[in-house]
Amino acid sequence: MTDPASSDGRMRLTVLGGYLGSGKTTWLRHQLHDGRFGRVHVIVNEAAETPVDDALLGRATAITVLAGGCACCTGRGDLIAALRRLCDDRSRLPADHGRLDQIVLETSGLADPAAIVDAIQSDPVLVNHIVLDETIVMVDALHAPAQLQTEPLGRAQIEAADQLILTKVDVSDPAALGQLRATLAMLNPSSPAMASVRGETMALPPLPPGTSALPLPQLTADAGRAPMVPTHLTIADSIDWTAFTLWLSALLHARGDKMVRVKGVVRTPAGRLLVQTVRKVVQSPEILPEPVAGGGNSVVDNTVIFIGRGFLASDLAVSLHHFAEHSGRGSAPATGGPEPV
Ligand SMILES: [Zn+2]
């Protein structure tokens with residue numbers, strides 16, 4: 001168990017990251033059961049994944065589930081708001097009255113932990129109440145070698161870690177496991193790697209000398225290959241806001257390297273929301289005033305402009321349509337065609 005709170009009285013925050021299926025919940029459940037985190041509040045961000053089973057983490061643990069998008073991009077505002085609420089609640093209690101010591105944030109498998117840490121540390125309120133303890137990233141020993149070949153996000157997660165924990169080591173081929181460990185050490189030389197077996201953290205045997213890392217291809221955006229085009233997507237009234245943000249989150253993760261800018265106004269129950277992204281970073285949504293008749297408004301409600309390369313308006317429309325159908329939230333949007341810049 002770590003020291004309760006930090007020496008200056010701020011709450012400690014542990015960010016738990018890792019790809020889909022890397023074993024985050026299993027490990028966390030075990031660590032909570034062992035009391036590693038003291039008086040802890042767990043925030044689970046599930047983005048567009050299968051709904052979390054609260055019971056998995058044990059009913060004794062205080063949990064907040066953030067399901068409105070990935071906390072590193074579209075769900076960033078929700079995360080900041082949830083953390084601020086925890087800080088407010090804690091400030092109202094006297095120092096010795098069961099105050100929280102620790103927050104654990106279990107990120108979605110799509111999240112870049114570095115973007116989350118950056119968002120928290122650049123929040124003027126949160127920096128006074130929360131100190132980042134460490135970023136722990138779970139690594140699926142069976143699937144990580146393939147992910148690291150093709151997924152920039154997989155590499156970004158490794159690079160963001162203070163501590164790497166490998167899962168499924170007991171069912172991995174020893175030579176492949178050695179090569180993966182050498183690859184992790186190459187990507188992030190400063191962070192130790194441990195193993196988790198059924199949630200229990202264990203040391204790994206020393207890496208045999210001369211174990212070589214996997215050759216990793218360069219993953220670069222297709223800069224300069226295709227023209228940059230703005231694409232207008234009209235969001236049907238029947239598409240709900242939650243489905244739209246989840247879809248946008250997934251889209252930016254999959255194609256953020258090609259999607260340079262997204263901007264538009266979407267009608268939500270809360271009002272007219274201005275949505276803006278730059279690459280994979282989503283800016284905090286802002287509520288706009290209602291348009292004044294004859295006021296020369298340049299933005300049309302429920303129209304979102306995507307600027308990037310290598311995609312078509314029809315691709316976006318089909319993708320959003322499938323996503324909305326799949327999540328049972330609305331029907332097909334209409335689109336305008338791409339126009340060269
Ligand atoms: Zn994200």
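**Exercise 1. How many bridges join strand S5 to S6, and do the two run parallel or antiparallel?**

Before the solution, two remarks on the basis of the work. The model is predicted, so local features need pLDDT of at least 70 and side-chain atom pairs count only at pLDDT 80 or more, whereas totals for chains, interfaces and linings use all residues. Residues are numbered from 1 along each chain as its sequence is written, and side-chain values use heavy atoms, with hydrogens and water left out.

*Solution.* Start from the elements themselves: helices (H or I, at least four residues) and strands (E, at least two) are DSSP runs, numbered from the N terminus. Two strands pair if DSSP finds at least two bridges between them. Strand S5 (residues 130-140) is joined to S6 by 5 bridges, and the two run parallel; within this pairing, Met-138 has Ile-165 of S6 as its bridge partner. On to the next neighbour: S6 is joined to strand S7 (residues 193-197) by 4 bridges, again with the strands parallel, and Leu-166 has Ala-195 of S7 as its bridge partner. Between S6 and S7 the chain passes through helix H6 (residues 174-187), and this β-α-β crossover is right-handed, that is, with the strands pointing away from the viewer, the path from the first strand over the helix to the second runs clockwise.

**Exercise 2. Determine which residues of S6 point which way, and whether they are buried or exposed.**

*Solution.* Recall that in a regular strand the side chains alternate between the two faces of the sheet. In S6, Gln-163, Ile-165 and Thr-167 point one way, while Leu-164 and Leu-166 point the other way, and all are buried (buried is under 20% relative accessible area, exposed over 50%, partly exposed in between, with a 1.4 Å probe and protein chains only). Because 5 of the 5 residues of S6 (residues 163-167) are buried, the strand is largely enclosed by the rest of the structure.

**Exercise 3. Identify the donors of the zinc ion and explain why their arrangement is tetrahedral.**

*Solution.* Donors are N, O and S atoms within 2.8 Å of the metal (3.2 Å for Na, K and Ca), and water is not among the atoms, so sites may look incomplete. The zinc ion is coordinated by the SG atoms of Cys-70, Cys-72 and Cys-73 and by NE2 of His-253, at 2.3 to 2.4 Å. Along the chain these donors follow the spacing C-x1-C-C-x179-H, and both Cys-72 and Cys-73 are buried. The 4 donor atoms subtend angles of 89 to 121 degrees around the zinc ion, which makes the arrangement tetrahedral (four donors with all angles between 85 and 135 degrees).

**Exercise 4. Classify the aromatic pair of Trp-27 and Phe-37, and then that of Phe-244 and Trp-247.**

*Solution.* Rings of Phe, Tyr and Trp (its six-membered ring) pair if their centres lie within 6.5 Å; planes under 30 degrees apart count as stacked, over 60 as edge-to-face and the rest as tilted. The structure holds 4 aromatic pairs. In one of them, the ring centres of Trp-27 and Phe-37 are 6.4 Å apart and the planes stand at 75 degrees, so the pair is edge-to-face. Trp-27 lies in helix H1 (residues 24-33) and Phe-37 in the loop between H1 and strand S2 (40-45), so the pair ties together parts that are 10 residues apart in sequence. The pair of Phe-244 and Trp-247 is tilted, with 5.9 Å centre to centre and 40 degrees between the planes. Both residues, Phe-244 and Trp-247, lie in helix H7 (residues 241-255), 3 residues apart, about one turn of the helix.

Note on methods: Four donors count as tetrahedral if all angles lie between 85 and 135 degrees; four count as square planar and six as octahedral if opposite donors are over 155 degrees apart and all others between 65 and 115; anything else is irregular.
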